Amino acid sequence: MMGKIELNGMCFRAYHGCLDKEKQGGNDFQVDFCCEYDTSVSEKSDRLEDTLDYSAIYGIVKENMEIPSNLLENVAGRIADAIKSEYPGIPSLEVKVTKMNPPVDGPAESSSVTVRR
């Protein structure tokens, strides 16, 4: 039985961007994770060992958010690949990285990139 597991709204202060002011002053980011996963065992066992551990996923995201990158595509792809490497049994996943208040010539709440694996 395939289920959907999500961890949304992970917030970080990070230094991603092409501009010097982004690299030095940083910005606020939000990361959302979603995957398909076989939940048939954990539905019956009620054991953490039989499913994805949210705190392990968070740790992977946090570790990768601490590595400065120019592009959100690089950040999102790196996170997705790291999760897929740690959990090869995930058949498909999405990682969305959102930059709050992007440096554009006008009002914009956020910009984001979503990658799928």
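The questions and answers below go through a predicted model of one protein chain.

User: How many helices and strands does the protein chain have, and in what pattern do they follow along the sequence?
Analyst: The secondary structure of the protein chain comes to 4 helices and 4 strands. Read along the sequence, these elements give the pattern β-α-β-α-α-α-β-β.

User: What are the spans of the C-alpha trace along its principal axes, and what share of the residues is buried?
Analyst: The C-alpha trace of the protein chain spans about 50 × 25 × 20 Å along its principal axes. A residue counts as buried when its relative accessible area is under 20%. Of the 117 residues in the protein chain, the buried share is 39%.

User: How far apart are the mean positions of the positive and negative charges?
Analyst: The protein chain has 13 positive and 20 negative charges.

User: How many bridges join each pair of strands, β1 to β2, β2 to β3, and β3 to β4?
Analyst: Strands of a sheet pair through backbone hydrogen bonds, either parallel or antiparallel. β1 and β2 (residues 27-38) run antiparallel and are joined by 11 bridges. β2 and β3 also run antiparallel, with 8 bridges between them. For β3 and β4, paired in the antiparallel sense, the number of bridges is 7.

User: Which residues are the bridge partners of F29?
Analyst: F29 lies in β2 and is the bridge partner of F12. In β3, F29 has K99 as its bridge partner.

User: Where does D46 lie, and is D46 buried or exposed?
Analyst: D46 lies in the loop between α2 (40-45) and α3. Phi of D46 is near 60°, a positive value in a residue other than glycine. With a relative accessible area of 73%, D46 is exposed.

User: Where is N101, and what is its relative accessible area?
Analyst: The place of N101 is in the loop between β3 and β4. Phi of N101 is near 50°, a positive value in a residue other than glycine. N101 is exposed, and its relative accessible area is 56%.

User: Which residues does S92 touch, not counting those up to four places away in sequence?
Analyst: S92 is in strand β3 and counts as partly exposed at 24% relative accessibility. S92 and C35 are 57 residues apart along the chain, while their C-alpha atoms are separated by 5.7 Å. Leaving out residues up to four places away in sequence, S92 touches C34, C35, E36 and R117.

User: Is G3 buried or exposed, and which residues does G3 touch beyond four places away in sequence?
Analyst: G3 is in strand β1 and counts as buried, at 17% relative accessibility. G3 and C35 are 32 residues apart in sequence and 8.3 Å apart in space, C-alpha to C-alpha. Not counting residues up to four places away in sequence, G3 touches C35, E36, Y37 and T39.

User: What share of the contacts between residues at least 6 apart in sequence joins residues at least 24 apart?
Analyst: A contact means heavy atoms within 4.5 Å. Among contacts in the protein chain between residues at least 6 apart, the share joining residues at least 24 apart is 58%.

Notes. Residues are numbered from 1 along each chain as its sequence is written. This is a predicted model: local features need pLDDT of at least 70, side-chain atom pairs count only at pLDDT 80 or more; totals for chains, interfaces and linings use all residues. Side-chain values use heavy atoms; hydrogens and water are left out. Helices (H or I, at least four residues) and strands (E, at least two) are DSSP runs, numbered from the N terminus. Buried means under 20% relative accessible area, exposed over 50%, partly exposed in between (1.4 Å probe, protein chains only). Lys and Arg count as positive and Asp and Glu as negative; His and the chain ends are not counted. The place of a charge is taken as NZ of Lys, CZ of Arg, CG of Asp or CD of Glu. Two strands pair if DSSP finds at least two bridges between them.
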